[in-house]
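Here are my notes for your first look. Please keep the model open as you read.

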Amino acid sequence: MSTESFERAPHAGTGASYASAGVDIEAGDRAVELMKEWVKKTQRPEVLGGLGGFAGLFDASALKRYERPLLASATDGVGTKVDIARQMGVYDTIGHDLVAMVMDDIVVCGAEPLFMTDYICVGKVHPERVAAIVKGIAEGCVLAGCALVGGETAEHPGLLGPDDFDVAGAGTGVVEYDRLLGADRIRTGDAVIAMASSGLHSNGYSLVRHVVFDRAGMTLDQQVEELGRTLGEELLEPTKIYSLDCLALTRTTDVHAFSHITGGGLAANLARVIPDGLHATVDRSTWTPGAIFDLVGKAGQVERLELEKTLNMGVGMMAVVPAESVDVALATLEDRGVEAWVAGEITERGAHTTGAELVGTYSN
């Protein structure tokens, strides 16, 4: 991992320099030194080399144990949740969100996360701040079971303010061809298991910020009784990482499909893995969304359907399994500390049904 590659021109006389343009090479080098210990914690035996190279190296000979390995890749960011971190001055959790958004997309097809790279763009390099962001990414990689093999820190003065930043990442995983999960495995009678989210995760923050700040006039340091903490603490709650939990399910049960509930909400994301001719029905009465969802709905007078197509409503991941595998699946998740429940089922698609729908009313 390295900072952006800068040309080191001599600083002579009154001529322009990179530093006078707002780019601090020394601060970037300091940030790299500070992040080294955290990146080291993510290393897998297949990773070669250390920080400072132009590319991260992963020993692909480890894939020889696969008969027909399929590489799965994904890339993502965390959206406007970064603005919450910036306002609060808390930078060591946003990396968890980044890893979750990337690696939990990869695990949906049954792939084991292997490695990840990150991209951190800042208006001004504050070494300790950049290192804190990388710390969060590294901790997230540990939770996902993958290595952080490289990345980039770019300083963009004039384009971003001195305290502004954004993060993005890309990841790679591997799955055996005949163990690939997806719509073609789903059958009538399968059960839909929901896994609880840790909160809003990293989607819908443009709506949430508009509601709580612009419409409700709330502040991040405001104590909110129904949340049991400040608004800022709630909004910055890290996205839960399900990668290893999902892989554990594939070892103990005959999982047919996963669905990562991100942008677009529960029904739309579940529909992405439902085959033509079948229909997923999810019963709202099987769970109670967390208080933050009710707060956003009431504060912004947001209609339920708008909430549901924007936010996860308390469900971060779903698994579709055969009905006879439900007990083992729920026991596996309980053993791993994941709150989960049967939320719906797969039926034949009627003339007027779509791929997935929510029915009933949320439990109080």
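Is Leu-227 buried or exposed?

1. Leu-227 is buried, because its relative accessible area is 13%. Buried means under 20%, exposed over 50% and partly exposed in between, with a 1.4 Å probe and protein chains only.

2. This is a predicted model: local features need pLDDT of at least 70, side-chain atom pairs count only at pLDDT 80 or more, and totals for chains, interfaces and linings use all residues. Residues are numbered from 1 along each chain as its sequence is written, and side-chain values use heavy atoms, without hydrogens and water.

3. Find Leu-227 in the loop between β9 (223-224) and β10 (229-230). Strands are DSSP runs (E, at least two residues), as are helices (H or I, at least four), numbered from the N terminus. Leaving aside neighbours within four places in sequence, Leu-227 is in contact (heavy atoms within 4.5 Å) with Glu-234, Ala-291, Ile-292 and Leu-295. Ala-291 is 64 residues from Leu-227 in sequence, yet their C-alpha atoms are 6.1 Å apart.

4. Now the whole chain. It has 11 helices and 15 strands. Of its 364 residues, 52% count as buried. Take contacts between residues at least 6 apart in sequence: 84% join residues at least 24 apart.

5. Next, a helix pair. The axes of α3 (residues 94-106) and α4 (residues 127-144) come within 6 Å and cross at roughly 40°. Axes are lines fitted to C-alpha atoms, for helices over the stretch in contact, and angles run from 0 to 180 degrees between N-to-C directions.
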